[in-house]
Amino acid sequence: MLTTAADFYLIIYLRRRALTGTVALSLLGRHILLGVSGGIAAYKSAELARLLVKAGAEVRVVMTTAATEFVGPMTFQALTGHTVRSGLFDEEHEAAMGHIELARWADLVVIAPATADLMARLAHGKAEDLLTTLVLATPAAVAIAPAMNQQMWADTATQANLERLDEREYLIWGPAAGEQACGDVGMGRMIEPAEIAEKIDASFPGGRLDGISAMVTAGPTYEAIDPVRFIGNRSSGKMGFAVARALVEQGAEVTLVAGPVKLEAPKGVRRIDVESAAEMHAAVMDSIAGQALFVASAAVADYRPADVADGKIKKSAQSMTLELVRNPDILADVAALPEPPFCVGFAAETHDVVGHAEEKRTRKNLDMIAANHVGGETGGFDAADNALTVLWKNGSIELPMMDKQRLAHRLVELICDQFKKPEGDD
Ligand code: CTP
């Protein structure tokens with residue numbers, strides 16, 4: 001994809017503005033899918049993308065073919081750090097993140113500008129290109145910032161489409177009145193990017209954990225046998241990282257103690273990398289003072305080799321026996337502190353999920369436990385989806401199979417409900 005000279009200057013202009021920009025929004029870790037349709041206001045969406053990235057959001061841009069006639073995709077790519085998608089049948093992009101996955105990834109879909117034609121297609125539930133397909137496929141809210149000639153806006157067809165979209169609970173931002181690119185004066189200008197960014201910010205509920213410190217453990221632990229071998233497990237760390245992100249999004253200050261995983265830490269998280277259970281235990285105990293919440297999602301190895309060989313063990317004997325010793329229970333140790341944080345544990349159970357999880361919750365003195373049913377058709381360690389049964393002192397709830405990030409949001413909502421509950425209020 002080539003950058004035109006106009007795109008090049010637009011990028012330079014926006015980067016310069018980035019140094020002097022004044023908008024102080026917090027969209028840390030929010031996933032915004034920015035749809036751009038083909039109107040002259042498309043160039044303003046580049047400014048919107050810049051503002052959203054600056055506010056900490058992760059922005060993915062989808063352009064209609066017509067939009068690429070107004071602004072080159074490279075402009076958005078340079079501003080967001082992600083390639084821009086346009087076609088529905090793009091094998092390379094589909095392999096990286098399928099369109100359904102992209103639709104699920106979004107916390108909010110914002111279409112700016114939304115042309116008269118795009119509004120008509122949305123109103124009729126069309127799915128003939130990537131953007132309209134994503135709108136139908138997303139569980140997230142969809143906002144549109146209309147932009148068109150004042151006569152087109154006033155036309156009864158557009159107004160009827162608007163009414164339909166409004167009935168379907170689309171968020172409709174603008175348009176504004178004023179002088180238009182075509183020389184007309186009237187309703188139809190797209191509202192300014194800063195105003196759209198503010199509306200995006202306002203569309204997310206305020207943080208329920210503002211000012212609260214939380215610690216999360218995630219991933220597996222590796223227990224060394226010799227310098228090249230270890231005992232480990234298949235935990236991917238996805239659930240713990242998703243919980244860390246959901247906590248950040250509720251305003252918490254999060255420390256994430258991670259075993260060996262191939263995941264990027266969510267934005268705004270303080271990450272401590274460890275390898276073994278002993279290291280994880282030490283890292284947690286070093287920083288636990290002052291933490292109000294502790295979520296233990298790590299799949300900590302229960303045992304480690306009694307001795308770690310200094311050199312690589314050679315295969316001389318026909319068989320060998322490895323003596324294992326118990327690792328410290330990090331969660332139990334945290335829950336046993338004189339002033340423990342609100343403790344949430346995880347449990348993997350194959351049968352009698354509620355019975356075993358409740359026994360574990362009371363034995364380890366936990367405030368809450370999230371149990372998942374392993375085996376059968378449930379999401380495994382590396383799966384994108386999972387289901388949980390969450391239990392606390394006087395209640396429980398089933399969270400059905402869903403994407404791990406959504407599940408983490410639901411779990412954090414429950415944590416907020418219980419953690420914030422006044423003493424004795426059950
Ligand atoms: N946990 C921990 N430190 C350990 C072992 C477990 O912090 N050494 C935490 C895990 O992060 C998880 C919970 O304790 O939150 C799991 O408890 P555990 O008793 O190990 O349960 P299971 O792994 O389900 O195993 P089992 O049923 O065999 O006891």
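Helices (H or I, at least four residues) and strands (E, at least two) are DSSP runs, numbered from the N terminus. The model is predicted; local features need pLDDT of at least 70, side-chain atom pairs count only at pLDDT 80 or more, and totals for chains, interfaces and linings use all residues. Residues are numbered from 1 along each chain as its sequence is written, and side-chain values use heavy atoms, with hydrogens and water left out.

The protein chain is assigned two domains: domain 1 (4-203) and domain 2 (213-300 + 321-419). These bounds come from an automatic or database domain assignment. Taken over C-alpha atoms, the centres of domain 1 and domain 2 lie 37 Å apart. Domain 1 brings 10 residues to the contact and domain 2 brings 6; contact means heavy atoms within 4.5 Å. About 740 Å² is buried between domain 1 and domain 2. Buried area is the accessible area (1.4 Å probe) that two parts lose on being put together, summed over both. Carbon and sulfur atoms give 42% of the area buried between the domains. On the side of domain 1, Leu 28, Arg 30 and Arg 104 supply 52% of the area buried against domain 2, more than any other three residues.

Salt bridges were counted next. The term stands for a side-chain nitrogen of Lys or Arg within 4 Å of a carboxyl oxygen of Asp or Glu. The rule gives 18 salt bridges. Across the interface of domain 1 and domain 2 it finds 2. Glu 249 and Arg 30 form a salt bridge through their side chains, at 3.4 Å from N to O. Glu 249 belongs to helix 11 (residues 238-249), while Arg 30 sits in the loop between helix 1 (5-20) and strand 1 (31-36). The two residues are 219 residues apart.

The axes of helix 2 (residues 42-54) and helix 3 (residues 73-80) come within 9 Å and cross at roughly 10°. Axes are lines fitted to C-alpha atoms, for helices over the stretch in contact, and angles run from 0 to 180 degrees between N-to-C directions. Helix 2 and helix 3 are therefore roughly parallel to each other, the term for angles under 35 degrees. Helix 2 contributes Ala 42, Ser 45, Ala 46, Ala 49, Arg 50 and Val 53 to the contact, and helix 3 contributes Thr 75, Phe 76, Leu 79 and Thr 80.

Most residues other than glycine have a negative phi, and most peptide bonds are trans. A cis peptide bond joins Ala 112 to Pro 113, with omega about -5°. Pro 113 is placed in strand 3 (residues 108-114). Another cis bond runs from Gly 174 to Pro 175, with omega near 5°. Pro 175 lies in the loop between strand 5 (171-172) and strand 6 (176-179).

Terms used:
Parallel < 35°, antiparallel > 145°, perpendicular 65-115°, else oblique.
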